[in-house]
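Have the sequence and the model open side by side as you read.

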Amino acid sequence: MEIHEGSTQSGQEHSVNISLSSSSSSSSSSSSFFYSSASVEHLTLSPLLQTESPYRLDGGNVSILSWSDSERLRFVDNSGNEWQNVENRFNQLATDRNGHGFPVIRWSDFGSCIGIKESPEFANELLRALRGRRYNWKKDITKVELYNYWCRMTDPWLDSRIELFFDICDRNLDGRVYERDIKQVISLIAPINKLSVKQEEADEYATLIMEALDIQRRGYIEPSQMETLFKVSLPKGSPATCSYQKNTYKKQEPRSKAEILFRSYWRRAWIILFWLMICFALFTWKFIQYSHRTAFQVMGYCLSTAKGAAETLKFNMALILLPVCRNTITWLRKNRCFNSVIPFNDNINFHKLIAGGIVIGVILHGGTHLACDFPRISGSDRSVFRQTIAARFGYQQPSYLQILDTTEVATGIAMVILMMIAFSLATKWPRRQSPQLPRSVRKVTGYNTFWYSHHLFIPVYALLIVHSMFLFLTDNLIEKTTWMYIAIPVLLYAGERTIRAIRSGFSEVQILKVNLYPGKVLSLKLQKPEDFSHKSGMYIFIQCPQISPFEWHPFSLTSGPKDDYLSVHIRSLGDWSYQLYSLFQEAKLTGLQQYPKIYVDGPYGAASQDHIKYDIVAACGEGSIDKGPLKAYLYWVTREQSSFNWFTDVMKEISETNQKQSVVEVFNYLSSVYEEGDARSALISIIQSLYHTKNGIDIFSRTPVHTHFARPNWFNILSKLARRHRGTKIGVFYCGPLALARELERLCTKFSTKTTTRFVFHKENY
């Protein structure tokens with residue numbers, strides 16, 4: 001099973017992918033699998049609907065729940081909205097508008113004052129319901145009135161808050177709610193929750209509520225029936241993360257934070273330490289060597305520093321190519337020995353670290369030459385100059401400008417300029433066209449600029465060879481070692497690019513099926529090239545020559561290893577993906593039989609392949625499994641309701657599989673909807689529960705998989721997983737925004753320290 005939302009370190013195109021491996025259900029080891037959401041059970045309302053759904057609701061059945069009254073039907077956010085805060089906002093907004101000497105606020109400021117400024121329409125309806133028949137509700141509000149309203153909205157008795165919600169629905173204020181009133185409330189709350197509800201859907205949902213409550217078919221609902229509706233149909237916590245199986249693991253003492261950090265980062269640590277030791281050894285070797293040269297009498301420790309830095313530069317200029325040799329890394333990670341000690345998943349991060357080492361080396365090498373060595377050569381005592389290094393300069397002491405005019409210095413300065421361009425355009429802001437950059441700068445930045453400027457490494461390496469052949473202080477070829485450092489890495493990288501060009505040149509794939517989903521998501525089903533073999537979790541590069549013959553972008557495969565086709569889902573998040581979507585959209589709308597050409601390159605290994613190392617696997621934002629887990633938990637978070645259309649078939653397939661054997665549990669989160677218990681989403685939750693009970697499908701995903709509201713509480717999710725799987729090691733795999741990655745990594749360390757469960761965090765990097 002794979003659900004993937006890809007995001008690259010370099011600002012490349014993103015993808016959101018999901019697939020069900022054909023062998024996932026027959027795996028042999030016990031595991032769990034994790035993604036982004038939380039589950040909810042719902043209640044039945046009338047005898048007509050009090051039957052068990054044939055579908056599993058996130059691992060649970062429909063049942064009557066007992067929920068804390070304080071968590072039901074909240075009109076205001078529980079956090080940070082005490083009366084004192086409301087009063088402070090009132091004081092800031094209040095004026096003496098009526099001339100009676102006491103402050104009031106406009107009726108239109110009611111929402112801002114009580115803390116729901118983002119929902120002005122709902123705030124207005126709430127104020128109308130609070131004022132009822134007694135007032136022209138569009139009047140200024142005094143502090144006393146506001147306090148009375150606040151007390152009613154936060155009344156600890158649920159019956160009082162249900163009565164208030166009934167008044168919101170009671171448009172005519174006659175104590176009865178009709179079907180047309182429910183339609184109007186649905187039309188009110190849908191846009192507040194950023195939902196798209198068609199008129200016929202609103203009609204269907206209103207009818208559903210009337211059928212459930214108006215059993216006597218009087219054509220209206222009274223307060224007592226509304227009370228029944230809320231008391232039995234509001235959701236409770238997540239059964240998928242709350243119901244725990246009896247575990248057989250031995251009880252262990254929580255580990256220390258130092259131990260957890262060591263266990264989590266030892267592979268990164270030894271690689272970085274080993275790299276630093278090599279750099280330090282090379283620097284020290286050359287530093288000592290040049291401290292005993294005759295030139296030391298002229299330039300002193302400046303010479304030793306520059307030459308020590310030069311040696312580390314040779315090493316790092318060679319090493320920086322290895323982390324981006326993707327074919328080699330994919331091949332090496334298949335070896336258990338290498339994969340167990342080398343963190344291949346951090347290849348891009350290591351590439352960046354080496355780049356940082358090169359920057360330091362350039363500053364030390366070039367800076368000491370320009371600021372110290374060259375002035376000392378041109379300004380040294382003539383007798384000392386003649387006795388030491390005069391032969392290297394034709395027995396003529398050069399001026400500073402004459403030194404700058406030499407081949408060695410000119411090539412060095414040219415390399416520095418080219419590297420400055422490439423390095424600066426590879427940083428986060430230019431690569432992602434940050435809005436914080438001036439508009440004139442943003443026009444010449446972005447992924448394409450990053451990609452093309454990164455190819456300046458070709459002239460840089462050519463200049464490096466020339467630079468190393470013309471040295472001031474030696475003619476000995478044995479000491480001109482730059483080519484020895486870079487020969488193998490350059491040949492390896494050049495070979496990889498050649499193989500990639502040849503392979504992709506013959507890999508124009510036939511497009512079997514094209515789907516366009518809301519949110520500008522393009523789904524491509526491609527013919528599988530001959531001899532193409534991949535594992536779940538791998539990704540491919542895609543090129544569309546009609547857009548650019550040079551651009552390749554990575555996307556996770558959403559098809560299983562045993563499928564006879566390849567599939568990817570591409571969300572339009574950059575100029576390349578927008579152009580690709582437009583090309584296929586135009587082809588479909590015009591009825592053209594010929595789609596744009598597509599070339600593929602790969603497959604390449606990814607972090608999620610390491611799931612076989614763990615008994616329990618948690619995947620956030622991405623993940624695929626073709627062997628290993630018998631139990632999988634997938635959490636998928638999206639802001640757009642239409643995103644569920646992308647993988648409807650897969651979610652249905654999971655639900656059907658779970659009826660025979662509960663292997664995969666999917667938890668969908670729609671983060672645009674207010675959380676369960678909020679009055680702004682209460683009616684939506686009721687409709688969702690009724691619809692699922694009657695029809696067996698969710699109104700958002702249109703599958704048996706239930707959709708939850710707001711963002712998941714990762715602290716609670718990991719806490720419950722830790723209690724459910726005590727004493728085990730859970731691999732947490734993530735691909736997505738960096739902010740959430742940091743939060744998950746912090747929580748993994750926290751729970752590994754505080755509980756007997758060890759969470760090992762992995763982040764996907766392309």
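## Helices 12 and 15

Helix 12 covers residues 301-319 and helix 15 covers residues 347-379; they pack at an angle of about 150°, with their axes 8 Å apart. The axes are lines fitted to C-alpha atoms, for helices over the stretch in contact, and angles run from 0 to 180 degrees between N-to-C directions. Helix 12 passes helix 15 in a left-handed crossing, meaning that the near helix is turned anticlockwise from the far one by less than a right angle (clockwise would be right-handed).

What kinds of residues make up the contact of helix 12 with helix 15? They divide into 14 nonpolar, seven polar and two charged. Here Ala, Val, Leu, Ile, Met, Phe, Trp, Tyr, Cys and Pro count as nonpolar, Asp, Glu, Lys and Arg as charged, and the others, Gly among them, as polar.

## About the model

This is a predicted model, where local features need pLDDT of at least 70 and side-chain atom pairs count only at pLDDT 80 or more, while totals for chains, interfaces and linings use all residues. Residues are numbered from 1 along each chain as its sequence is written, and side-chain values use heavy atoms, with hydrogens and water left out.

The protein chain has 28 helices and 18 strands; these are DSSP runs numbered from the N terminus (helices H or I, at least four residues; strands E, at least two).

## Helices 6 and 26

Now for another helix pair. The axes of helix 6 (residues 179-192) and helix 26 (residues 679-695) come within 9 Å and cross at roughly 115°. That makes helix 6 roughly perpendicular to helix 26, and their crossing is left-handed.

On the helix 6 side, Ile-182, Val-185, Ile-186, Ile-189 and Ile-192 meet Arg-680, Leu-683, Ile-684 and Ile-687 of helix 26, contact being heavy atoms within 4.5 Å. The residues of this contact divide into eight nonpolar, no polar and one charged.

## Met-415 in helix 18

Met-415 sits in helix 18 (residues 407-425). Is Met-415 buried or exposed? It's buried, with a relative accessible area of 7%.

Leaving aside neighbours within four places in sequence, Met-415 is in contact with Val-460, Leu-463, Leu-464 and His-467. Tyr-461 is 46 residues away along the chain from Met-415, and their C-alpha atoms are separated by 8.4 Å.

Three strands form an open sheet in the order 10-9-12, with antiparallel pairing; strands pair if DSSP finds at least two bridges between them. Strand 10 (553-556) and strand 12 (599-604) are the edge strands, each pairing on one side only. Neighbouring strands of this sheet are turned by 30° against each other on average, direction ignored. Four bridges join strand 9 (residues 539-543) to strand 10: His-553 is the bridge partner of Ile-542, and Phe-555 that of Ile-540. His-553 and Phe-555 point one way from strand 10, Pro-554 and Ser-556 the other way, and all are buried.

Elsewhere, seven bridges join strand 8 (residues 521-527) to strand 11, which run antiparallel. Leu-522 stands opposite Ile-570 in strand 11. Strand 11 (residues 565-571) is mostly covered, with six of its seven residues buried.

Terms used
Parallel < 35°, antiparallel > 145°, perpendicular 65-115°, else oblique. Buried < 20%, exposed > 50% of the residue type's maximum accessible area, 1.4 Å probe, protein only.
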